[in-house]
Amino acid sequence: MHTSNSIQLINVTCPACGLLCDDVLVENKNNKIKVSKNGCAKSITFFEQKLGEITPKIAGKPATLVHAVAQAARILKQAKRPLFAGLSTDVTGFRALFNLAQKTNTTLQHMNATGTQRNLAVLQSTGWQTTTLTEVKNRADVIVCIGTDVVTNNPRFFERIVWLKNNKKSNSMFTDANAREVIYIGEKLNTKAGISPSGRNPSLLACRTSDLPEVTAVLRALVLGKPVKSDKVAGIKTEEIQAVADKLKTAKYAVLAWVAKDLDYPHAELTIQNITETVAILNQTTRAGGLPLGGSDGDTTANYANTWLSGLALNDKQVEHDAILWVNSFSPEKLPANNHLPLIVLGDANTKFKTEPEVFIPIATPGLDYSGTLFRVDSSVVLPLKKCRENKLPTLSEVVSQIEAQLK
Amino acid sequence: MITLLKNGKMYDPAHNKNGVVEDIYIRDGCIIAKPSQTEKIAQTFNLTGKVVMAGAIDMHSHIGGGKVNIARMMLPEFQETKGYSEPEAHICTPNCSHNATPSTTDAGFRYIEMGYTAAFEPAILPINARQAHLEMGDTPMIDKGGYAMLGNDDYFLRLLSQKADQKAINDYVAWTLAATQAIGIKVVNPGGISAFKFNQRRLDLDENNSHYQVTPREILKSLSTAVHQLGIAKPLHVHCNNLGAAGNFETTLNTMGASDGIPMHLTHIQFHSYGTEGDKKFSSAAAQISEALNKNKHITADVGQILFGQTVTASGDTMMQHLNAKHASPKKSVIMDVECDAGCGVVPFKYKDKNYVNALQWAIGLEIFLSVEDPWRIFLTTDHPNGAPFTSYPHLIRLLMDKGFRNEAFAKLNLDAQAMSNLTSLNREYSLYEIAVMTRAGAAKLIGLNDRGHLGVGAAADITIYTDQPDREAMFAKPDYVFKDGELVVKDGKVVKVVWGATHTTKPTFDKGVEKDLSEYFEKYHTIQLDNFKISDDEMIEDGRGKLVNHKGKARAN
C-alpha cells in the first residue's frame, strides 16, 4: 500500500469473475475507489460501486442491527425447513453459513447452481481431464472456445492468458504464445479478443447454441477417427469440423474451454461431456486439457467449501422450503425469486428491491470492505482478497454468528 | 490443575518403557514430573491394567487439499452408506467407502476416536497449499501438517537443468516451506508429472525428462541434499517412479541409492514392490525390498497397505494415474495438470480379495511389514484413502499382531495369489511395543515432533488409553480415553469435547534474495503474484481456532 497525500494505491485481487485477477491496482481517495490499472468493465463496476445504505431494514423500515438480527432469528426459528440461497460470499462467510445451516435443518443452494450442476453432472458421471490457467498460458498451442467467447464472462482471459507480450513481463515457457490457434464454435460470439497480436483472425465454426450437442458429438467422433457420413452438420461442412479435429490431434497441448452458464439448454451436460471425452481421447496420443471457465459470485468457493465441510458438493435440487435466507455479497443486481415466502436478505449494501424483504441486513463485501479468501474458477488456486475502503458494515460471519446466538 | 493417570502400563518406546506400570501427571497440556505433596491433584484416572501410549501419529494420510476434495465431489455415492440406519448400518465397516472421502469433521472425529492425535497431509501442491490448510483448519480434534511437493514444478526443473548450485536449490526449498507452511518436502514420480505434460508416458530413474534433460536420480539427489543441508528433520518424502507397475521393484531398489546415503523416506512402498514373475507377470518383490530396507539404514518407508473394499486413489502422479484410469471402479476419474506446479489424478478403485493382483498387493504389504526388522524405519499407513481408509488401521494392526487371524484371512484370497506369496511362512507377530514405535515414537522422530509421540516429562499430553484385549482390532478401534493437549476429548471411543489442534511447520532460514528471481518468474509465467502465493501466519491462525507450531531444525554442513 503506497500512500501519497490522501491517495492510497492498493494492489488488489478482483472477485468480479472467476479469473480473480490479482494484478489490479486501485486507488483510494477519501474512501472512494477508482481502478487505476489492469481493470476491466466488471472490475470497474465492482470496485467503483458507491458505498450503499448501511442501515438494516425490517419490512422496508430502518432498524437497528440488533432488531434486524432478532427478526431474522425469529423467522428462522419459525421455519421448519429454511433455504439458504444466493450463497455469494467468501470462505469465512460460507463456513459461518454452513454452521448455521447445520443448526436449522437447512438446504444450501448457490445462485449459480444451475450452471454449476452441468459441470458437476459430468464430473460425477465420467470425470474429466482438465488444466489450469498457468498451464494454458505456458503450453497451449490450440485453444477452442465452445459455445462461449469467454470474454463476456472473463474479460481479461485473452489478455492475461493467451496473447502475451513475449517480453520480460509476460511470456510463455514452452510455446510461442502469439502463434496459438484460436477456434470458436457457436453463435453470437465476440471473437475480437481471439485476433492475435499480429492480426491473425481466429477461426469460427458458426452454429446455433442448440446445435452444440450435435457439433461437439461429431467433433468427438472425428477425433476418435470414426467416419461421419453426412457432408454437413448443423450447417457446418463436415470437412471444417474434420480440420478442427486434425488440429487438435496434431497440437502439442490443446485446450478446450467452455462456460457452463453459457450452455443454457436442457441436458447441456451432454455437450460438456462431449468436450471432456474429446480431451480424454486426445490424451491417449497427445496432450490436451479441458478448461471450465466462467465463475462468479463465489460459486467455486461455496461449492468447494461445502464439499470439504459436508463430504458432498452443492447441488441444484429443488427442495420444499418455507423461508429463504438470501446471501449476496458481490452483485447487488442479483435478487432472489419473489415467491411470497418469508425472506431475509444479507446482501450488498447497494441492493435495490422491487419488494422489500422482511429483513435486509447490508453486509460488507469481501475484497472491498474486508479481506477474505476466494477460489479461482480453475479451482486449484485460492487467493487472498484485500480490504480497500473503510466503513461500518458488518461481515457476513459476524451477522450469522449473531443470528446463531439468538437461536440458542 | 493437575490430572493424574494412575497405574497404567506404559508403552513408551522413546523411553524404552515396555509395559512398566507408572503414573503420569498432566498440567497445562503437558506431562510433568511428579508434583510435590502440597500440590493439589484435580482429577485422577485409575488405569490399572490399561495400556497407555502417546497419541498416535499418521505420518502419511491424504486429509486435505485439492485431490481429496475432488474425490469427495466426484463420488457422492460414497456418502450414501453414511446415512444408513438399521438394519443396513450393521454392515458398515471401517473401510466403508464413506470413510474414504470423509468430510473434514468426520476425518478429525474418526482419527481421535481411534486414539490418533495427529495426521500429516503428504502431498500439498505449493500452489494449492492455501486450500489444503483451509481444509485442515476445518479438521477438528487432531494436529495437522503437510509436505510440500517439489520436483515437478517448472521453477525447480529450470534451476536443475541450468545447473544451479546447491545453495540456490536450498534457498528455493526453504522458501517453499515457509511460503506453504509445510513441515516436509515430498517428490512424486520425480520429473514424471512434468514429463507427462510433454507427452512422455513413463519415466525411469535414469531416463531424461525430455524437455529439461534431467533425470529422476538427479532430482532426488538435489532435493534430498537440500532437505538434509537445511536441517529439515523429515527426510525427503519420495513417491518413486513407476507407481503400481509390474517390475517396478528394481526402480525402488535403485532409488534407495540415488541420494548417496543421505536420508530419504520411500512412501507407500507396497505400491513399488512388484516383480514380473509367474504366469500373470505380476509377483511379490517384498523379499528384495525388505532386504534392501534392512541393509540401507538411511532409508525409511511406510507401507501403504491395501485392504479389500471400495476406496479412491488420489495422487499427484498424473503420469501413472492416467494409465490406471482404465481400472477405475466406478468408471470415472479426474486427471489434472496444475499450474506448472504439479498434477492431480483421482481414480476410484475397488480392491477385491478374489482378484489376483489385488490379493497379492494385500499380501505384499504384509510381507514387507513382517520382513522389515527395524520398526523405527517402517510406518503403518494405508496411504489413506489410496490403499484403504485410515479407519481400517485397527484391522491392520490385528493382522500384524495376530498370526492366526492373518493366516485365516490369507486362506480366503485368490488361490493363484496365495501360491505366489510366502506370507504364511512369516511367523512374526508385532508386539504392543513395536506398534507404539511404528505409530508413535518412530513417526514423531521421523517428522521431528520433539514433544509428541512419547510420554516423557515435557511432552505434550496427547495420550491414548486402551483396554488390553486379545482382539487387537477391537482394542485399537475404541480407546477408553484419549487426551489431547491434556484435555479429555474421547471417552469409550466417543468424542466428549471438540478441540482444534495445531498445524506443525518448519521454517529454515534462507537468503531472501531468492524472491527477486522468483518474483520475475511469477510475473512472467504465472497467473498470480508471488505475494499471493505465500501463506501468512495470520491466515493460518485466523478466527483464533488455528494454532501454529514451528519446529526449529539445525542446518547441517555440506
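The C-alpha centres of domain 1 and domain 2 of chain A lie 36 Å apart, with the domain bounds coming from an automatic or database domain assignment. That assignment gives domain 1 as residues 57-112 + 298-365 + 389-407 and domain 2 as residues 116-293. The contact between them takes seven residues from domain 1 of chain A and four residues from domain 2 of chain A, two residues being in contact if their C-beta atoms, placed from the backbone, lie within 7 Å. On the side of domain 1 of chain A that touches domain 2 of chain A, one residue is nonpolar, four are polar and two are charged. In this classification Ala, Val, Leu, Ile, Met, Phe, Trp, Tyr, Cys and Pro count as nonpolar, Asp, Glu, Lys and Arg as charged, and the others, Gly among them, as polar.

The model is predicted: local features need pLDDT of at least 70 and side-chain atom pairs count only at pLDDT 80 or more, while totals for chains, interfaces and linings use all residues. Residues are numbered from 1 along each chain as its sequence is written, and chains are lettered from A and ligands numbered from 1 in the order in which they are written.

Chain A contains 11 helices and 21 strands, and chain B contains 19 helices and 24 strands. Helices (H or I, at least four residues) and strands (E, at least two) are DSSP runs, numbered from the N terminus. For the 408 residues of chain A, a compact globule would have a radius of gyration near 22 Å, and the value of 23 Å for chain A agrees with this. For the 558 residues of chain B the corresponding expectation is near 24 Å, and the value of 23 Å for chain B also agrees. The radius of gyration is taken over C-alpha atoms, and the globule rule is 2.2 Å times the number of residues to the power 0.38. Along the principal axes, the C-alpha atoms of chain A fill a box of roughly 70 × 55 × 35 Å, and those of chain B a box of roughly 65 × 60 × 45 Å.

In chain A, 58% of the 408 residues count as buried; in chain B, 61% of the 558 residues do. A residue is buried if 20 or more other C-beta atoms lie within 10 Å of its own, exposed if 12 or fewer, and partly exposed in between, with C-beta atoms placed from the backbone. Among contacts between residues at least 6 apart in sequence, 66% in chain A join residues at least 24 apart, and in chain B the figure is 77%.

The largest nonpolar core has 305 residues. Such a core is a set of buried Ala, Val, Leu, Ile, Met, Phe, Trp, Tyr and Cys residues joined through C-beta atoms within 7 Å. The residues with the most contacts inside this core are L97(A), V215(A), I241(A), L256(A), A257(A), V173(B) and L223(B). The core draws at least three residues from each of domain 1 and domain 2 of chain A. Residues up to four places away in sequence aside, I241(A) touches L205(A), V215(A), V218(A), L219(A), L222(A), V233(A) and I236(A).

The contact between the chains takes 44 residues from chain A and 41 residues from chain B. On the side of chain B that touches chain A, the elements giving two or more residues are α1 (66-74), α2 (104-113), α3 (129-137), β16 (333-338) and α17 (514-525) of chain B. The most comes from β16(B), with six residues. By class, this side of chain B has 13 nonpolar, 15 polar and 13 charged residues. Strand β9 (residues 127-130) of chain A runs parallel to β16(B), joined by four bridges, and strands are taken to pair if DSSP finds at least two bridges between them. In this pairing Q129(A) stands opposite I335(B).

E339(B) lies in the loop between β16 and β17 (342-351) of chain B. E339(B) is buried, with 28 other C-beta atoms within 10 Å. Its contacts, leaving aside neighbours within four places in sequence, are T132(A), T134(A), E135(A), S380(A), V381(A) and I127(B).

Within chain B, four of the five residues of strand β19 (residues 463-467) are buried, so this strand is largely enclosed by the rest of the structure. Strand β5 (residues 50-54) of chain B runs antiparallel to β19(B) over five bridges, with V51(B) opposite Y466(B). Strand β20 (residues 481-484) of chain B also pairs with β19(B) in the antiparallel sense, over three bridges, and I463(B) stands opposite F483(B).
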